Amino acid sequence: MKKGIQTAICCPCGNEKILALGLCATCYTLKRQDAEYFGGLREHVLERDGYACRVCGDPDPGVHHREPGKSLLHLMIALCAGCHAKVHRTKVVLTEFPPLLLVLWREQHPEGHEQTYIDFNVRKPPAGTRVCKDSLDLARRSYRPGKFNRQH
Ligand SMILES: [Zn+2]
Ligand SMILES: [Zn+2]
Ligand SMILES: [Zn+2]
């Protein structure tokens with residue numbers, strides 16, 4: 001939500017259709033939801049977390065309940081839509097989650113399966129590339145300066 005932009009006829013978000021309390025339908029609903037679902041602490045959580053997703057730093061986060069229905073500051077965390085979806089919707093962890101995301105995910109899916117991400121694109125160096133010791137010795141020997149017996 002953008003702050004600081006406020007005109008007489010617009011909602012702080014810029015919407016010109018005011019529903020109630022000088023807010024548009026969306027913002028009014030958000031405010032009602034804040035009271036209803038976040039105990040009025042939504043803004044506190046966002047402020048505490050610096051208005052950024054705690055996992056990836058996205059600057060437009062929402063608020064996630066670490067324990068459903070419990071609107072306590074320490075049980076709420078700012079998450080962007082993408083990370084929030086991963087926490088709730090991912091059934092099996094296939095990619096490497098950042099540690100915090102993994103913790104949050106585990107909270108929501110105590111029985112969930114965790115799978116190590118296997119990168120099939122990483123190839124071992126092809127066999128036969130190891131340096132042949134014999135050829136190295138040979139090369140070194142041929143570069144050894146020879147001793148000359150100068151004859152006068
Ligand atoms: Zn609005
Ligand atoms: Zn995020
Ligand atoms: Zn959530």
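I take the expected span of a helix as 1.5 Å times one less than its number of residues. The model I am looking at is predicted.

**Entry: helix α1**
I looked up helix α1, residues 25–37, and counted 13 residues. At 1.5 Å a residue, α1 should span 18 Å, and its end C-alpha atoms lie 17 Å apart, so the two values agree. I then went past the end of α1 and found Gly39 following, with a positive phi near 60°.

**Entry: layout of the chain**
I listed five helices and four strands in the chain. Read from the N terminus, the order of the elements is α-α-β-β-α-β-α-β-α.

**Entry: α3 against α4**
I took helix α3 (residues 81–89) with helix α4 (residues 99–108) and found that their axes come within 8 Å and cross at roughly 40°. I noted the crossing of α3 and α4 as right-handed. On the α3 side, the contact is made by Cys83, Lys86, Val87 and His88. On the α4 side, Leu101, Leu104, Trp105 and Gln108 make the contact. I sorted these contact residues of α3 and α4 into five nonpolar, two polar and one charged.

**Entry: burial and contacts**
I checked how much of the chain is buried: 16% of its 152 residues. I also looked at the contacts in the chain with a separation of 6 or more, and 29% of these are accounted for by residues 24 or more positions apart.

Definitions and conventions: Residues are numbered from 1 along each chain as its sequence is written. Chains are lettered from A and ligands numbered from 1 in the order in which they are written. This is a predicted model: local features need pLDDT of at least 70, side-chain atom pairs count only at pLDDT 80 or more; totals for chains, interfaces and linings use all residues. Helices (H or I, at least four residues) and strands (E, at least two) are DSSP runs, numbered from the N terminus. Axes are lines fitted to C-alpha atoms, for helices over the stretch in contact, and angles run from 0 to 180 degrees between N-to-C directions. A crossing is left-handed if the near helix is turned anticlockwise from the far one by less than a right angle, and right-handed if clockwise. Two residues are in contact if their C-beta atoms, placed from the backbone, lie within 7 Å. Ala, Val, Leu, Ile, Met, Phe, Trp, Tyr, Cys and Pro count as nonpolar, Asp, Glu, Lys and Arg as charged, and the others, Gly among them, as polar. A residue is buried if 20 or more other C-beta atoms lie within 10 Å of its own, exposed if 12 or fewer, and partly exposed in between; C-beta atoms are placed from the backbone.
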